[in-house]
Amino acid sequence: MKIFHSLKNFFFKPSKKLGLGVLLLLGIIIGIIAKVSFNAALEHSSTEEFCVSCHTMVEMQTELKQTPHWKNQFGVTAGCADCHLPHDTIPKYVRKVQALKEVYDEVTGRFSEPGSFTAARYEMAKKEWARMQANGSAECKACHRYERMDFDKMSPKAQKAMRAAAAKDQSCIDCHKGIAHHIPKAPEGEENSGIDASLVASDLTAGKVYYTQIQTPIFADDAMKQEIGYLESVVPVTFVKAGQNADLVELNMWRKHKGFGRIWYNDFAKSIVDAVLTKKFMESNPKFDVLETKQDQLTSITWQKVKMQVWVKKGQLASDVAPIWANAKEMFNTQCSVCHKQPDVKHFDSNTWVGVFNGMKGFTSLTPAQAKVVLRYLQTHASDAQPTESK
């Protein structure tokens, strides 16, 4: 109790030497100094000079200097903080706290090895893109406001895109990745990391149809020593049996009966690629069954329906294709409606969709792996699609 009373007197009992007014004045002065010092530190740490004091940021500034955001005919430019630091108070403080980890990485030498920063840029860029998408590109819109854009002064193509974006207050980063910095290259293997573990079938049943999730290598043996090609994304295969290292599956596909015929397709006379076999494997005259032969009247090309068994690495196959198609549909609806209203899936046939989609995907932020899944969805749901479960 004595300790409690001592603490109480220390904090609340008026001083015998200093008046309450003096203490209040001292508190106000200290508070002002602290506030001014805090703001000064905040402003200084937001300057271009502070940002490029880290050697890794010099590279980023060099890229920025090659863009109109650094120098243009209007003299209106943007620096690091303008784009990468929220302008609202609370989000700004939160971002400053998050940046402490980045400063820590710098001072502890995480990027001291040659190439280490370049290797990390892709993950850093994805985090920044996600942040800007989450806040609707608020930092961009501090300067670029839809309501103040004069659409009539834009080119017809830009007008079409920007009017559509303005109508739904589109996030700028959806279309404008790489406008101030180069888009970093995805690390080796990034495109093949798209397997959803929740969709992988654990107990495979002989004779049942399963689906690849991503581009999947195929082998001639259970030991997986001889790679003979690959299956594309969302390809149906029939499970035969499990081996010690891999699963044996059966392919039922179509191929053109000319040359090596090493590109195998999902259906007759349709450019829906299911499998790509290596030239070396096809030169070895592999054994496969020809189930049917038909001639395409439009091109006079003879097609063969073929069947062959191959091995795939365990843990690659999904039993339910519906979630994959649902995700592909969502990507198509969101990514391909950024610039204009996307066409209905059944507006084109499967072969036409190839050229149409390849012309559109450059305006999206889809990765190559995602683009393959979306194209596959469009082709298998096109106007000439068969109403089967696999579609």
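**View 1. Helix 12 passes helix 13 in a right-handed crossing.** The model is predicted. Helix 12 covers residues 350-360, and helix 13 covers residues 368-380. The two pack at an angle of about 145°. Their axes lie 9 Å apart. On the helix 12 side, the contact is made by Ser350, Trp353, Val354 and Phe357. On the helix 13 side, Ala371, Val374, Leu375, Leu378 and Gln379 take part. Of the residues in this contact, 7 are nonpolar and 2 are polar. None is charged.

**View 2. The largest nonpolar core has 24 residues.** Which residues have the most contacts inside this core? They are Phe332, Trp353, Phe357, Val374 and Leu378. Helix 11 (322-335), helix 12 and helix 13 each supply at least two residues of the core. Helix 13 gives the most, with 6 residues. In soluble globular proteins, nonpolar side chains tend to be buried together. A second, separate core has 22 residues. Tyr210, Ile218, Leu231 and Phe281 are among them.

**View 3. Trp353 is in contact with residues beyond its neighbours in sequence.** Neighbours within four places in sequence are left aside here. Inside the largest nonpolar core, Trp353 is one of the residues with the most contacts.

**View 4. Glu232 sits in the loop between strand 3 and strand 4.** Strand 3 spans 227-231, and strand 4 spans 236-242. Is Glu232 buried or exposed? Glu232 is buried, because its relative accessible area is 13%, under the 20% cut-off. Which residues does Glu232 touch, not counting those up to four places away in sequence? They are Thr212, Ile214, Gln215, Val273, Asp274 and Lys372.

**View 5. Helix 4 and helix 7 make a right-handed crossing.** Helix 4 runs over residues 55-64, and helix 7 over residues 116-134. They pack at an angle of about 65°. Their axes are 10 Å apart. Helix 4 brings Thr56, Met57, Glu59, Met60 and Glu63 to the contact. Helix 7 brings Phe117, Thr118 and Arg121. How do the residues of this contact divide into nonpolar, polar and charged? There are 3 nonpolar, 2 polar and 3 charged.

Definitions and conventions
Residues are numbered from 1 along each chain as its sequence is written. This is a predicted model: local features need pLDDT of at least 70, side-chain atom pairs count only at pLDDT 80 or more; totals for chains, interfaces and linings use all residues. Side-chain values use heavy atoms; hydrogens and water are left out. Axes are lines fitted to C-alpha atoms, for helices over the stretch in contact, and angles run from 0 to 180 degrees between N-to-C directions. Helices (H or I, at least four residues) and strands (E, at least two) are DSSP runs, numbered from the N terminus. A crossing is left-handed if the near helix is turned anticlockwise from the far one by less than a right angle, and right-handed if clockwise. Contact means heavy atoms within 4.5 Å. Ala, Val, Leu, Ile, Met, Phe, Trp, Tyr, Cys and Pro count as nonpolar, Asp, Glu, Lys and Arg as charged, and the others, Gly among them, as polar. A nonpolar core is a set of buried Ala, Val, Leu, Ile, Met, Phe, Trp, Tyr and Cys residues joined through side-chain atoms within 4.5 Å. Buried means under 20% relative accessible area, exposed over 50%, partly exposed in between (1.4 Å probe, protein chains only).
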